[in-house]
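Grab the model and work through a few exercises with me. Each one comes with a solution to check yourself against.

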Amino acid sequence: MHYWVLGALAFFSSSAWASQTPFHTNTDTWDLNLEPNVNSTGHLIFDTVSAFLQHWPNTRYRNGHNLIPGIVPVGTLLYHGRGDANVPTEPQWTATDPEHSYAFCRGSKEEGCWQLTVVTTRALNVLYFDGSSAAKMVDGPMDTQDIVAWGKIVPEWSFNEKRRLADLCAWGVKLGLDGFVRMEMDFEIMLCDFTVGVEVASFLNLKSNGRRDKPHDGALHGDFPPHYPPLDPSSFANNPFSEVIHSGSWHNKFPGDTRIQLDYARIVSFYDTSLVPSLIPHRFGQERWYHRLDGISEQDARAVMTRLEQAVTTPHGRGSGVDWTSLVHVVVDRYANRLEMIRYLLNQTDIEELRTAKRVQTQLKAITQPYNLHSAVPVPNELSWAAPIYEWCSETHTKYIVASLELTVSERLILDSLYETNKEICRVATKMWAQGVLAGLDVVVEAPWAKEAPTALLLEWKTAVDTLMAWLDWGVWITCRPACTFEEYCYLPTWPFGFRGPRDDGEPPECDKPQPRCIRRVEPFDGE
């Protein structure tokens, strides 16, 4: 079922899309003991926004929750591997990297295979599904596409790629979309029409990789059977998919795949509790690995589609002008390393406690220093004197935007998520710093009356930092430890490898909660 826009005039006159009313107001309290609401999703929106088009975090949490319009700039090359010399006459996939498309360049060694390269002749209008949205699984990665294509989740059609893309294009072309961006081993763009907005740059008869698999019925790629083989590192030298995993890793971290330019002013999120309240109880008590759209009400699905169609039909770049990508990553860059350092210091067991406490206080002082007002004077046995520092830390990045700019609904959603996330970081950091001051640990702000033993304080700090970092759950903290050698790269279990159900020892498959490990890039491979 689809829900169509009422018309351009109705849309542009609507006050729902552009408004100056912020999600948060100056009624916020600055109680350093007040934690976020257990059902809040601002930190989840913040993290997914910071992860757009990055392979690593979207492999770790594969169930996407966001729909984001964007463009593919003119002059961009896209690749399509196939077994014949025919340009597709129906919707089909393209890869952003040739390594990805070559894995599907199939034919006999005698006749070779064909790799089509097209170039964009104008900016293509696309819709990005975040997460591992090309992972053909029944437990969440394709939920957002199901809602857009069919108005409901249809797990039995997870492998019906031909129908999925046909129905997505039937909906999207009428609204001006040229294709859809997804991710599995690497990023792909599903094009609705190979004669619109692109032209052939080359169509080469290549040496075949030897694969002549018959396509699975209904599969878009003409690709895999329903059950994929496990990743066998010992066969990397002759396995075309090993280089797909490698090319996908180029886009692991920020800025990700820059050939797709998203319009953050038009984001639609299923984590938006004002838009999709029906999912709140379904997420309650669930680990983030298992967040998905199963349980969404028909009313909320219709509301999402109405909002999405408004977003898609809005021209690219019509927002406030705020660089949301940079603003979000300013917060990540400022705090990620420092919080990780604080956690490291608090977990050391071979350092004298007082020295550890003073080293942690130095890191906390660095976080709060830009907001450490001269008028904030410590008061014995209470923390309220630090509230102005907490307030300035929380509002610095957003104060002007809240007061002065007209924002779209999507921008207000991002603003609120940024504010909520930054505020909680500031609350925890300011509280810890103020506690350190009262314990006599600070070298700038003196509290001569206090000489508290640091043992209990260190335990409280450790709990506070562990809780904060678990709540933030940023992908930048997930890496291979120890670091991989130059002949290796850090790998997260990636669809379709390792997705074969429970292991022989009864444990869940490694893909259930993907954990990083090093795999070799050159011979000898693991297992040889």
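Contact here means heavy atoms within 4.5 Å. This is a predicted model, so to speak: local features need pLDDT of at least 70, side-chain atom pairs count only at pLDDT 80 or more, and totals for chains, interfaces and linings use all residues. Residues are numbered from 1 along each chain as its sequence is written, and side-chain values use heavy atoms, with hydrogens and water left out.**Exercise 1.** Find what Trp461 is in contact with, leaving aside its neighbours within four places in sequence.

*Solution.* Start at the Trp461 side chain and list its partners: Leu346, Ala357, Val360, Gln361, Leu364, Met432, Gln435, Gly436 and Leu441.

**Exercise 1.** Locate the two ends of the salt bridge between Arg60 and Asp473.

*Solution.* First check the distance: the closest N and O atoms are 2.8 Å apart, where a salt bridge needs a side-chain nitrogen of Lys or Arg within 4 Å of a carboxyl oxygen of Asp or Glu. Then trace the chain: Arg60 sits in helix H3 (residues 55-60), and Asp473 in the loop between helix H15 (455-472) and strand S13 (488-491), 413 residues apart. Finally, both Arg60 and Asp473 are buried, with buried meaning under 20% relative accessible area, exposed over 50%, and partly exposed in between (1.4 Å probe, protein chains only).

Notes. Helices (H or I, at least four residues) and strands (E, at least two) are DSSP runs, numbered from the N terminus.
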